[in-house]
Amino acid sequence: MRTPELPPVHEAWLPRDHPLHRPRHGRRQLVALICALAFFSAPLSSWLFGARPEQLENRPLAEFPSVTEGFGFFTGLNGWATDHLPFRKAAVQAVSGISRGVFGEPAPLAGGSHSSPVGAGQVDAKPPIDESVFPPVIEGRDGWLYLGHDVSYRCVPSRTTDEIIAGLRAWRKAVESSGRTFQLVIAPDKSTAYPEHLPENYAGKDCSEAAREEFWRRVPKATGAIDLRAPLRRAAERNGHPIYHDIDTHWTHEGGATMVYQLAERLSPGITGTWKMTPSRRYPHSADIPDLLGQDRAVDIQAYALAPDGGEDNTQFKPSDFHEPLHLRSTPKPGMITAPVRVVGDSFTQFASPYLAATYADVTITHPDNVATQPRATAELLAQGEVITFELSERFVAGGRYPLLNPEVATEVGQVLAAHPVR
C-alpha cells in the first residue's frame, strides 16, 4: 500500500472539510503572540524612553540569556524580562496597598526591593513541596517583622542534617589538611535570637521550631562552628537594646562586631584586651523585610569606631555584597591579626567588615555563591590566606541551601589549597 503524501501546506490552511485540517485558533494565538512580544520587549522599549530597572532582590539582575544556551535561551528570557520590567517596585507597593486597604490583610508577595539575602547560587536543590504555602513575611508582635525563609527553609530543607554536617566537615578537612586554620561561624536567624516577638501561631511553627532545636543541638558540636547565640545575648544586655533590627533580618553593627571579637579571640586569646570601640556615625539603612510588603522603611544604624591598639580609629567602611571580592588592608598595629585572612561571608558580614578591616592587616571577603559558581578562582583567592573563615547564615545552612555544602565542592577547592600548603 502506498503511503499517502502529506499536503504541501500547513494543515491549518487546508479547507475546513479536509480530513487533515487542524485549526490554529488564529485569534487566540495572535493575542498570545502580541502579549508575549509586549512582555519581552517592554524592558527594551522602556529603556529607550529613559526608564531603568531597579534591583528588587538582594542579587544581581538576571542577565540576558546567551543564544549558545540552546533551549535555555528561551527559558531564561522570562527571568530576564521580569527583572528588567520598569516600575516593578511601584507594582509591588500597589498590590500591597490594595490588599491591606480593601481586604485588611497583607498581600502574598514573593519579592520586594531588598528581599532576603539570597544569591544566585544559594538554592541548590528543588524542595519536595511548594514553598508558597509559607508567607514571605511573618508579622510578629510589637511591630517586629521576620523573614519567611527563617521558617520555610527549615521546614522544607534541601539536605538532611547529616548531609549538612558532612558538607561542613569536608570544608574543615580541606582547609586544615593544607596547613591552614579554619574558622566557621553561623549567624543565627533573627527568629532564633528573638523568638519572643514571633506571633503565637504561624504557618510552619512546629516544624521550624523542631528543626531549629535539632540544628543548634547537633551542628556546632559536630562541625566546630562558633555558637554566637550566647555572646550576642550578652552584648545586647550590655548595650541595653536588641542586637537585631526589628524590621530587618540582619543584626546590628554590634552583632557584626561581636562576631569579629569572637573570631579574633579564638585566633589569638587575649588580643582584644587592647581594643577600644566607641560609637561613631549614625545613618539610615533601607530595611529589607518591609519591601516584601510593598513598604519603604528604614532602620537607624549606629556605627562604631574601633582602635585595635586603643588609639585612633582603624575601621574602613566600604559597602560591598562580596560578589566581587572585597580586599581590605591596613598597616599592622598592636592588637591586630597580621596573618592573611580570607573570609567567605554573606550579608551578615557586611555589618562586620568595618571591624574586620580595623583588626586584620590583610583580609579579603568573598560571597558563598562564588565558591560554587567560581570554584577555581575562589580556591586561588583562599589559597592566599593562612586563616580561612566561613560566616554562613543559619537559614541557608539549616535549609541545606548553600551549594558549597556539597562535599565535592570542598574537595575541588581543597585540591588547590593542598597544592599551595602553609608550612
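Tutor: Let's go through it by topic, starting with the overall picture. This is a predicted model, where local features need pLDDT of at least 70, side-chain atom pairs count only at pLDDT 80 or more, and totals for chains, interfaces and linings use all residues. Residues are numbered from 1 along each chain as its sequence is written, and side-chain values use heavy atoms, with hydrogens and water left out.

Student: Ok, how many helices and strands does the protein have?

Tutor: It comes to 15 helices and ten strands. Helices (H or I, at least four residues) and strands (E, at least two) are DSSP runs, numbered from the N terminus.

Student: And what share of the residues is buried?

Tutor: Buried residues make up 49% of the 423 residues. Buried means under 20% relative accessible area, exposed means over 50%, and partly exposed is in between (1.4 Å probe, protein chains only). As for contacts (heavy atoms within 4.5 Å), take those with a separation of 6 or more: residues 24 or more positions apart account for 72% of them.

Student: Let's look at one helix. Which residues of H8 are buried?

Tutor: In helix H8 (residues 229–239), they are Pro-231, Leu-232, Ala-235 and Ala-236. They cover an arc of only 135° around the axis, which puts them on the same side of H8. That arc is taken from the directions from the helix axis to the C-beta atoms.

Student: Why would residues a few places apart point the same way?

Tutor: An α-helix has 3.6 residues a turn, so residues three or four places apart point the same way.

Student: What do the buried ones in H8 pack against?

Tutor: Strand S4 (226–227) and helix H9 (253–267). On the other side of H8, Glu-237 and Arg-238 are exposed. After H8 comes Gly-240, with a positive phi near 80°.

Student: New topic: which cysteines form a disulfide?

Tutor: Cys-155 and Cys-207 do, with their sulfur atoms 1.9 Å apart. The cut-off for a disulfide is a pair of cysteine sulfur atoms within 2.5 Å, and the structure holds one. This pair links distant parts of the chain, since Cys-155 is in helix H4 (residues 149–155) and Cys-207 is in helix H7 (residues 205–223), 52 residues apart.

Student: Is the disulfide right-handed or left-handed?

Tutor: Right-handed, because the torsion about the S-S bond of Cys-155 and Cys-207 is about 90°. Cys-155 counts as buried at 19% relative accessibility, while Cys-207 counts as partly exposed at 35%.

Student: What order do the strands take in the sheet?

Tutor: The open sheet of six strands runs S4-S3-S10-S8-S9-S7, with mixed pairing. The edge strands are S4 and strand S7 (326–329), and each pairs on one side only. Two strands pair if DSSP finds at least two bridges between them.

Student: How many bridges join S8 to S10?

Tutor: Four, between strand S8 (residues 341–344) and strand S10 (residues 387–393), which run parallel. Val-344 has Phe-390 as its bridge partner in S10. Helix H13 (residues 375–382) packs on the sheet, where it touches S8, strand S9 (362–366) and S10, and its direction makes about 145° with that of S8. For that angle, axes are lines fitted to C-alpha atoms, for helices over the stretch in contact, and angles run from 0 to 180 degrees between N-to-C directions.

Student: How many salt bridges does the structure hold?

Tutor: There are 13. A salt bridge is a side-chain nitrogen of Lys or Arg within 4 Å of a carboxyl oxygen of Asp or Glu. One of them joins Glu-176 and Arg-172 (3.0 Å, N to O), and both lie in helix H5 (residues 161–176), four residues apart, about one turn of the helix.

Student: Last one: where is Ser-330?

Tutor: Ser-330 sits in the loop between S7 and S8, and it counts as buried at 18% relative accessibility. Not counting residues up to four places away in sequence, it touches several others, including Asn-314, Met-336 and Tyr-360.
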